[in-house]
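Here are my notes for you, as numbered points. Keep the model open while you read and look up each residue as it comes.

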Amino acid sequence: MTFKRAVPFFLVAGSVLALCACASLERGPVGNLAVPQPAKPVDLTRYAGRWYEIGRYENGFERGCEAVTADYEVRDDGLVGVLNTCRQGGVGGPTKSSAGKARVVAASQGAKLKVSFFGPFYLGDYWVLDHADDYSWSIVGEPSGRYLWQLSRVAEPSAEVRSLIAERTRALGYDMSMIRPTRH
């Protein structure tokens, strides 16, 4: 292989390694040593729309975020558009957004997605571990047990709904002491 031909290969390989290194820096403690498979299929058309984060495991890319929302849209190309938004430093802080896309993992019945916020690289796992039959709440994780999100269709769900989500999260094996409530 000539030097001219090797340069693009090494640039791509270096970029992939750099992205993987950056992704590994974001990792926090493990809160679930045995993340279960998703409990039920997900109809992405019903899952689409706005979700409010009501609790999460703290992570580097959301540090200092409050009033967190996630908007999902089923695109014409079969991918899912993702727009994550938060208020940096508090509910009245400046808005911070991150746009990405996701693709459904084959044979997952819509419950597992691979997410990309870095161009063509689908590095993130997004598993809808459980959700309400009416899609009013959702529990999202990934296989390492380091990330967890509790989502609701409303910013301030009732105490009964919060209790149900906490009960289901605990039943999935998550360390409840690691959950950071999100203010709205």
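1. The cut-offs here: buried means under 20% relative accessible area, exposed over 50%, and partly exposed in between, with a 1.4 Å probe and protein chains only.

2. Before going on, remember that this is a predicted model: local features need pLDDT of at least 70, side-chain atom pairs count only at pLDDT 80 or more, and totals for chains, interfaces and linings use all residues. Residues are numbered from 1 along each chain as its sequence is written, and side-chain values use heavy atoms, with hydrogens and water left out.

3. Which residue does Cys 65 form a disulfide with? The partner is Cys 86, with the two sulfur atoms 2.2 Å apart. This pair links distant parts of the chain, 21 residues apart: Cys 65 sits in strand 2 (residues 65–74) and Cys 86 in strand 3. A disulfide is a pair of cysteine sulfur atoms within 2.5 Å, and by that rule the count comes to 1.

4. Now look around Cys 86, whose strand 3 covers residues 80–88. (Strands are DSSP runs of E, at least two residues; helices are runs of H or I, at least four; both are numbered from the N terminus.) Cys 86 is buried too, as its relative accessible area is 5%. Leaving out residues up to four places away in sequence, Cys 86 touches several others, including Glu 66, Val 68 and Pro 94; contact means heavy atoms within 4.5 Å. Val 68 is 18 residues from Cys 86 in sequence, yet their C-alpha atoms are 4.3 Å apart.

5. On to charges: there are 13 salt bridges, each a side-chain nitrogen of Lys or Arg within 4 Å of a carboxyl oxygen of Asp or Glu. One of them joins Asp 133 and Lys 40, with the closest N and O atoms 3.3 Å apart. Asp 133 lies in the loop between strand 6 (124–131) and strand 7 (137–141), and Lys 40 in the loop between helix 1 (3–25) and helix 2 (44–47), so the pair ties together parts 93 residues apart in sequence. Asp 133 is exposed at 62%, while Lys 40 is partly exposed at 21%.

6. Finally, Arg 180 and Glu 58 meet in a salt bridge, 2.9 Å from N to O. They are 122 residues apart, with Arg 180 in strand 9 (residues 179–181) and Glu 58 in the loop between strand 1 (49–57) and strand 2. Both belong to a network of salt bridges that also includes Arg 56 and Glu 62.
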